[in-house]
Amino acid sequence: MKKLSPRTRVLTGAVAAVVLGAGTFGAMSANASTPAAAPAAAVQADTANRNLQQTTHLTVAAATKAAQATLDAAQKENQRVSVAVVDRNGNTIVTLRGDGAGPQSYESAVKKAYTAVSWNAPTSELAKRLQQAPTLKDIPGTLFLAGGAPVQVKGAPVAAIGVAGAPSGDLDEKFATVGVAALAK
């Protein structure tokens, strides 16, 4: 075991004393006979309040249903893919990595879903936009290859499904749209 220098031992002792003191002070404060503070007033979720906005989100069950439908469609065509479902903010809700899917497919599926929800468009369409705006591909977390499909409610994106691992992006996107369609059932 390495021997600590005198300076290190003093500093370690001082930190321990401060932590112990803070804990003792906190315990004494919590047991004081003063009445507890009144709880803060709750903010009422009123849709008439212009500071609040209602949004639609997929449940984990719905995201899992869509991901499984997507994976099943790929398996019927003997394709080994990974599937990712992200919410409106691009956060991953669920991912499924199919048996035998390549190691790169997982991350690619997440990025395709993120890209589709960010622009509310299939990634095959977004890939075409790179001709006019080639720097789009430099945005972190995006992947402008076919295989991502947005999930929309009243034209607004609420989620997206990304698929990666098939020999072509067109197949990936075909499977992603099966997952989107499964949400309508």
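This is a predicted model: local features need pLDDT of at least 70, side-chain atom pairs count only at pLDDT 80 or more; totals for chains, interfaces and linings use all residues.
Residues are numbered from 1 along each chain as its sequence is written, and side-chain values use heavy atoms, with hydrogens and water left out.

The protein chain contains five helices and four strands. These elements are DSSP runs numbered from the N terminus, with helices (H or I) of at least four residues and strands (E) of at least two. From the N terminus on, their order is α-α-β-β-α-α-β-β-α. Of the 185 residues, 31% count as buried; buried means under 20% relative accessible area, exposed means over 50%, and partly exposed lies in between, with a 1.4 Å probe and protein chains only. The accessible surface of the chain comes to about 11900 Å², and 58% of this surface belongs to carbon and sulfur atoms. Such areas come from the Shrake-Rupley method with a 1.4 Å probe, and for residues only the protein chains shown count as cover. Among contacts with a separation of 6 or more, 62% are between residues 24 or more positions apart, where contact means heavy atoms within 4.5 Å.

The four strands form an open sheet in the order E2-E1-E4-E3, with antiparallel pairing. E2 and E3 are the edge strands, each pairing on one side only. Two strands are taken to pair if DSSP finds at least two bridges between them. From one strand to the next, the twist averages 15°. Helix H3 packs on this sheet and touches E1, E2, E3 and E4, and its direction makes about 155° with that of E4. Axes are lines fitted to C-alpha atoms, for helices over the stretch in contact, and angles run from 0 to 180 degrees between N-to-C directions.

Strand E1 deserves a separate description. E1 (residues 82-87) pairs with E2 (residues 92-97) in the antiparallel sense over five bridges, and with E4 in the antiparallel sense over six bridges. Val 86 has Thr 92 as its bridge partner in E2 and stands opposite Ala 160 in E4, whereas Val 85 has Val 94 as its bridge partner in E2. The hairpin of E1 and E2 has four residues between the strands, and there Gly 90 takes a positive phi near 85°. In a regular strand the side chains alternate between the two faces of the sheet. In E1, Ser 82, Ala 84 and Val 86 point one way and Val 83, Val 85 and Asp 87 the other, and all are buried. Because six of its six residues are buried, E1 is largely enclosed by the rest of the structure.

Within helix H3 lies Thr 115, which counts as buried because its relative accessibility is 0%. Leaving aside neighbours within four places in sequence, Thr 115 is in contact with Thr 123, Leu 126, Gly 141, Thr 142, Leu 143 and Phe 144.

Helix H5 (residues 169-182) has 14 residues and reaches 20 Å from its first C-alpha to its last, close to the 20 Å expected at 1.5 Å a residue. That expected span is 1.5 Å times one less than the number of residues. H5 lies across E3 and E4, running at about 135° to E4. Its buried residues are Asp 172, Glu 173, Phe 175, Ala 176, Gly 179 and Ala 182. Their cover includes helices H2 (60-76), H3 (105-119) and H4 (123-129), together with strands E3 (148-153) and E4 (156-164).

Two loop residues complete the account. Most residues other than glycine have a negative phi. Asn 120, in the loop between H3 and H4, has a positive phi of about 50° although it is not a glycine. With a relative accessible area of 23%, Asn 120 is partly exposed. Lys 154, in the loop between E3 and E4, has a positive phi of about 55° and is likewise not a glycine. Lys 154 counts as exposed, at 85% relative accessibility.
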